[in-house]
Number of protein chains: 2
Amino acid sequence: MDDIFGRQQSILIADVQLEGRIADIFIRDDGLIGAVGEGVRREYKGAADLVIDGNGAIALPGLVNTHTHAAMSLLRGYADDMILQDWLSRKIWPLEAHLTPEDVYQGTKLACLEMIKSGTTAFNDMYFMMDEAARAVDEAGIRATLSYGFIDLFSPEKREAECKATEDLIRHIGSLANPRIRAAVGPHAIYTVSPEGLIWCAEFAAQEKIGIHIHLSETEKEVTDCIARHGKRPAVLLDDCGLLTPRTIAAHCCWLDEAECTLLGKRGAAASHNPSSNMKLATNRAMPYHWLFKAGANVCLGTDGCASNNNLDMFEEAKTAALLQKFSWNDPTILPAHEALAMATVNGAKGLGLAAGRLGAGVPADIILVSSHTACNTPRHNATSNLVYSCNGGAVETTICNGRVLMLEREIPGEEQILSGAARAAADLVRRAHSV
Amino acid sequence: MDDIFGRQQSILIADVQLEGRIADIFIRDDGLIGAVGEGVRREYKGAADLVIDGNGAIALPGLVNTHTHAAMSLLRGYADDMILQDWLSRKIWPLEAHLTPEDVYQGTKLACLEMIKSGTTAFNDMYFMMDEAARAVDEAGIRATLSYGFIDLFSPEKREAECKATEDLIRHIGSLANPRIRAAVGPHAIYTVSPEGLIWCAEFAAQEKIGIHIHLSETEKEVTDCIARHGKRPAVLLDDCGLLTPRTIAAHCCWLDEAECTLLGKRGAAASHNPSSNMKLATNRAMPYHWLFKAGANVCLGTDGCASNNNLDMFEEAKTAALLQKFSWNDPTILPAHEALAMATVNGAKGLGLAAGRLGAGVPADIILVSSHTACNTPRHNATSNLVYSCNGGAVETTICNGRVLMLEREIPGEEQILSGAARAAADLVRRAHSV
């Protein structure tokens with residue numbers, strides 16, 4: 001099997017369900033989808049280096065996770081059930097202070113493994129020591145947009161260092177010349193970055209033509225503090241700094257008012273909904289999906305980091321999103337299954353500026369196969385409902401990114417080593433932190 | 001392998017994690033746990049008919065699902081994203097009108113398969129044609145408490161028929177003499193059963209010394225209608241009818257006030273939290289867990305039927321419960337992981353009057369093994385947090401009920417036939433309903 005994984009080759013996936021019909025998919029050896037549809041197998045059987053029997057599985061574009069701190073998988077379960085401020089200041093930050101580049105590598109490897117295993121082929125990550133995240137992504141074969149979490153704490157000296165760190169990462173990722181790995185600018189949030197820092201980020205992103213990844217209106221305190229400090233609401237401040245663009249992904253967006261939603265829609269910015277994290281940390285308000293939808297804003301989906309979720313399963317997250325929207329806005333018709341699935345696929349791809357997110361000729365072959373021989377897909381009154389409300393990532397059998405097989409029949413090469421490497425790094429990290 | 005499954009035999013499970021320590025478990029051939037602890041393997045290795053290598057898996061008591069309509073797995077995905085009344089009257093009830101006994105059998109078989117696959121070993125079911133549910137449970141090897149959904153719609157004639165149906169089921173289940181299958185009385189809800197019917201159910205349950213399974217305060221309308229009709233709140237009405245007992249499991253309980261929670265605690269009644277269903281159908285209020293907990297009420301967990309969830313994964317449900325409580329009551333410290341796990345295990349067993357729900361000598365061997373070689377259990381800062389917040393039912397490797405192996409290394413005999421049987425029954429059901 002070893003020569004199947006990660007290899008540049010042409011692939012015929014025969015006998016899958018695609019939007020309710022039986023179809024085949026041909027992947028060219030340049031990593032793009034060559035053909036999709038009925039009868040493709042007859043035309044391409046001879047041409048394919050590898051034939052995968054889909055066995056009636058449901059073919060989907062790989063899921064796109066638009067808000068992560070991947071390396072925080074190393075902190076999974078380290079602290080839960082706490083007030084946000086205590087959780088950060090007593091548990092998360094003291095541990096993060098001891099993180100090494102190797103830890104970021106190991107944590108990102110674990111996160112990539114978990115994402116591939118649950119059908120995610122692209123993610124939007126913000127953290128630090130991102131050269132090491134890039135190394136992990138490169139090896140894992142997944143697609144990622146990486147940003148350095150820019151935090152100047154309103155200090156000009158710190159700002160200078162953060163600008164340099166951002167520039168260094170963009171330069172480093174450029175030097176990799178890996179089509180799967182992109183850079184973005186990552187101003188952390190309006191309460192951790194000065195307006196000068198925010199403006200620099202906006203200008204640098206425009207100049208480099210790269211994405212922007214920021215936290216926005218996660219808590220009510222962010223909004224009230226922003227109004228007190230700046231005399232305007234957070235999304236308006238971002239817009240004034242030039243940060244609301246079609247290349248922007250704003251995470252959380254719990255406390256946006258209707259005018260801010262309209263503004264995001266007008267600017268073409270994307271909002272990443274992170275329902276599990278918001279519920280676990282009790283943000284006290286869910287993203288106003290209905291206003292964003294009405295405003296034509298691009299709403300996509302993200303898990304947040306593993307310290308506040310505590311997994312990266314985008315199937316679970318899509319269900320949680322659909323349930324939370326219904327419960328929180330008291331309307332069972334909000335965010336129906338097909339919109340939740342779009343959030344996790346095509347909307348996320350659009351937010352990241354990727355051509356993936358749908359299955360069609362000429363599109364990068366980011367494809368997952370979800371088993372139809374499972375309880376979660378039985379019966380089949382509505383395939384989309386089953387995917388969103390009934391299945392979790394464990395139903396994914398095969399994951400392909402950029403035309404390369406990353407998981408086949410749930411097997412991923414080197415899985416045991418990745419798990420044990422991450423477990424060891426996490427144990428060492430806690431030991432170092434506690435021995436101080 | 002075939003002689004392993006469902007067989008009465010003694011079993012040694014070697015090398016599992018039990019509350020953070022490495023241990024072994026010996027199961028006697030009468031289905032009870034014989035010994036648990038370090039070094040058990042040395043003592044019992046020769047005595048065991050079968051040795052299972054735990055491979056460091058986490059051993060847990062089998063999960064207990066305290067509110068299901070198992071056969072509704074046949075309706076999974078048939079209708080979603082609708083207002084409760086439309087959903088019931090336009091979609092669910094018209095389809096249910098065409099259900100045959102064979103459908104109930106096939107649907108319950110599918111539900112049992114899904115439960116075994118995700119680590120549930122006992123469930124509390126309310127539906128109709130329950131002889132067929134009993135047949136499915138008997139074959140599946142799982143444990144269940146079965147009640148006929150008693151609905152008299154305030155008509156004396158209908159009441160008489162419902163009493164008879166209830167008596168018939170109790171008699172039938174008694175005749176099975178299967179220690180895994182128990183009967184309960186199932187008055188559906190206060191808005192579908194007359195006070196006379198409720199009183200009959202209470203008296204019959206007391207006489208037969210069996211459980212009571214009822215829906216309670218799922219919607220605000222139930223409360224306001226009850227006050228208008230009876231001049232008291234729903235839990236008070238139930239108590240006046242003699243239905244709040246230590247053998248009672250009341251599902252949903254979203255709209256209880258604090259005095260009602262105190263009343264449940266005082267009577268020793270159990271409340272089954274069904275967070276996914278409540279969110280999906282937008283009940284607009286979450287069960288007041290904090291009041292019930294303070295009152296000493298037994299709070300357990302249930303998935304509800306697959307038409308309103310849409311799966312039976314109790315790991316997902318425990319996470320959803322913990323997240324919903326935090327979000328809904330705006331406190332991230334509510335329902336910490338260990339309480340959520342207790343809801344899904346020992347509390348559920350207590351609610352059903354089962355000795356299971358914990359792992360100790362002399363207790364029925366309802367045991368699941370959760371793989372530790374998975375991303376969801378890596379790293380291992382906190383095993384309970386991982387189980388509740390990170391894992392789903394897919395991490396369960398082995399399921400044992402009453403000392404018999406139902407799933408080993410995720411294999412269940414006859415899985416394909418159960419899936420195809422249920423798929424066929426569901427397709428036929430829809431065809432019959434639409435051809436009218």
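## Contacts of A:Ile25

A:Ile25 touches A:Ile13, A:Val16, A:Ile33, A:Val36, A:Val40, A:Ala59, A:Leu359 and A:Ile367, neighbours within four places in sequence left aside. Contact here requires C-beta atoms, placed from the backbone, within 7 Å. A:Ile25 lies in strand β2 of chain A, residues 21–27. Strands are DSSP runs of E with at least two residues, and helices are runs of H or I with at least four; both are numbered from the N terminus.

Is A:Ile25 buried or exposed? A:Ile25 is buried because it has 28 C-beta neighbours inside 10 Å. The scale runs on other C-beta atoms within 10 Å, placed from the backbone: 20 or more is buried, 12 or fewer exposed, in between partly exposed. A:Gly54 is 29 residues away from A:Ile25 in sequence, and the C-alpha to C-alpha distance is 9.7 Å.

## Basis of the model

This is a predicted model: local features need pLDDT of at least 70, side-chain atom pairs count only at pLDDT 80 or more, and totals for chains, interfaces and linings use all residues. Residues are numbered from 1 along each chain as its sequence is written, while chains are lettered from A and ligands numbered from 1 in the order in which they are written.

## Sheet in chain B

Chain B holds an open sheet of 8 strands with parallel pairing, in the order β5-β6-β7-β8-β9-β10-β11-β12. Pairing takes at least two DSSP bridges between two strands. β5 (63–68) and β12 (298–301) of chain B are the edge strands; each has a single partner, so one side of each lacks a neighbour in the sheet. The twist averages 25° from one strand to the next. Axes for such angles are lines fitted to C-alpha atoms (for helices, over the stretch in contact), and angles run from 0 to 180 degrees between N-to-C directions.

Strands β9 (residues 211–216) and β10 (residues 248–252) of chain B pair in the parallel sense over 5 bridges. B:His215 has B:Ala251 in β10(B) as its bridge partner.

## Two chains, one axis

The contact takes 53 residues from chain A and 53 residues from chain B. On the side of chain A that touches chain B, α16(A) gives the most, with 7 residues.

Terms used. Two residues are in contact if their C-beta atoms, placed from the backbone, lie within 7 Å.
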